[in-house]
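User: Hi! I am new to protein structures and would like to learn how to read one. Could you take me through it step by step?

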Amino acid sequence: MTRIGFAPGVYDLFHVGHLNILREARRHCDRLVAGVTSDELTERLKGRAPVVPLAERLEIVRSLRYVDDAVVESEVDKLKTWRRVGFHRIFKGDDWRGTPKWLELERRFAEVGVDVVYFPYTMHTSSTMLRGALELLAAPQSVEIPSAQLPVPLHEEGGHEQDMGREQGAVHRKEDVLASQE
């Protein structure tokens with residue numbers, strides 16, 4: 001019997017954590033199907049749309065050698081997806097282990113003979129971290145570096161040199177007056 005595995009995810013801003021899950025999932029099944037969450041479902045679940053559009057995310061995931069097929073996942077209920085795809089194992093990062101949602105899914109999948117398999121979460125990267133970095137880079141910023149602050153705005157620069165020249169002239173005149181009194 002061919003063991004079909006299913007690896008659901010948004011796969012936005014594809015990174016090494018996604019690759020790790022798919023690579024490891026492929027080792028635990030004969031055929032791997034990746035479920036790529038639709039833009040609409042992602043926005044409903046996460047409160048924001050993916051950065052990379054669905055068609056592009058599907059193309060990226062489909063092109064990986066570990067993945068035999070990629071399907072659009074547009075249902076919240078993973079059992080509806082199971083009825084459509086017919087997988088024997090579902091794979092997820094272990095950051096979901098023990099959450100109320102996945103504890104309930106484990107129970108429901110056990111009733112239909114589907115194994116839930118968790119793989120180590122890649123701690124040093126995530127789409128959320130990448131998205132945050134991109135938002136910081138894209139945000140209009142005024143860079144304030146205390147050591148580089150100018151005492152006078154650049155458009156007024158040069159005026160202080162005239163002031164210094166007048167002050168220096170006044171000092172020289174005072175010195176001349178003092179020298180003549182000696």
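User: Which residue just after α4 takes a positive phi?

Analyst: Good place to start! Just after α4, G86 takes a positive phi of about 75°. Before we go on, a word on the source: this is a predicted model, where local features need pLDDT of at least 70, side-chain atom pairs count only at pLDDT 80 or more, and totals for chains, interfaces and linings use all residues. Residues are numbered from 1 along each chain as its sequence is written, and side-chain values use heavy atoms, with hydrogens and water left out.

User: How many helices and strands are there in the chain?

Analyst: Let's begin with the idea: helices (H or I, at least four residues) and strands (E, at least two) are DSSP runs, numbered from the N terminus. Here the chain has seven helices and five strands. Read from the N terminus on, the elements run β-α-β-α-α-β-α-β-α-β-α-α.

User: Which residues of helix α4 are buried?

Analyst: Buried means under 20% relative accessible area, exposed means over 50%, and partly exposed is in between (1.4 Å probe, protein chains only). In α4, which spans residues 78–85, K78, L79 and T81 are buried. They cover an arc of only 155° around the axis, so they sit on the same side of α4; the arc is that of the directions from the helix axis to the C-beta atoms.

User: What covers the buried residues of α4?

Analyst: The cover includes β1, β3 (69–73), β4 (89–93) and α5. At the N-terminal end of α4 there is also a cap: a side-chain oxygen of D77 lies 2.9 Å from the backbone nitrogen of L79.

User: How many salt bridges does the structure hold?

Analyst: First the general idea: side chains of opposite charge can pair when their charged atoms come close. A salt bridge is a side-chain nitrogen of Lys or Arg within 4 Å of a carboxyl oxygen of Asp or Glu. The structure holds ten of them. One is between D115 and R3, with the closest N and O atoms 3.6 Å apart. This pair links distant parts of the chain, 112 residues apart: D115 is in strand β5 (residues 115–119), while R3 is in the segment before β1 (4–9).

User: Where do R107 and E111 lie?

Analyst: Both lie in helix α5 (residues 100–111), four residues apart, which is about one turn of the helix. R107 has 42% relative accessibility, so it counts as partly exposed. E111 is exposed, because its relative accessible area is 58%. Elsewhere, salt bridges that share partners join R3, R89 and D115 into one network.

User: What about E75 and K80: how do their side chains meet?

Analyst: They meet in a salt bridge (3.9 Å, N to O). E75, at 33% relative accessibility, counts as partly exposed. K80 counts as partly exposed as well, at 44%.

User: Now for a residue in a strand. Is V117 buried or exposed?

Analyst: V117 has 18% relative accessibility, so it counts as buried. You will find V117 in strand β5. Contact means heavy atoms within 4.5 Å. Leaving aside its neighbours within four places in sequence, V117 is in contact with R89, I90, F91 and K92. The C-alpha atoms of V117 and A25 are separated by 8.5 Å, and these residues are 92 apart along the chain.

User: How many aromatic pairs does the structure hold?

Analyst: Rings of Phe, Tyr and Trp (its six-membered ring) pair if their centres lie within 6.5 Å; planes under 30 degrees apart count as stacked, over 60 as edge-to-face and the rest as tilted. The structure holds five aromatic pairs. The rings of F91 and F119 have centres 5.4 Å apart and planes at 15°, so this pair is stacked. F91 lies in strand β4 and F119 in strand β5, so the pair ties together parts that are 28 residues apart in sequence. F91 and F119 are both buried. There is also one aromatic cluster, formed by F6, F87 and F109.

User: To finish, what share of the chain counts as buried?

Analyst: Of the 182 residues of the chain, 33% count as buried. Among the contacts in the chain with a separation of 6 or more, 76% come from residues 24 or more positions apart.

Note on methods: Polar contact = N/O pair within 3.5 Å; in protein donor to acceptor, adjacent residues only side chain to side chain.
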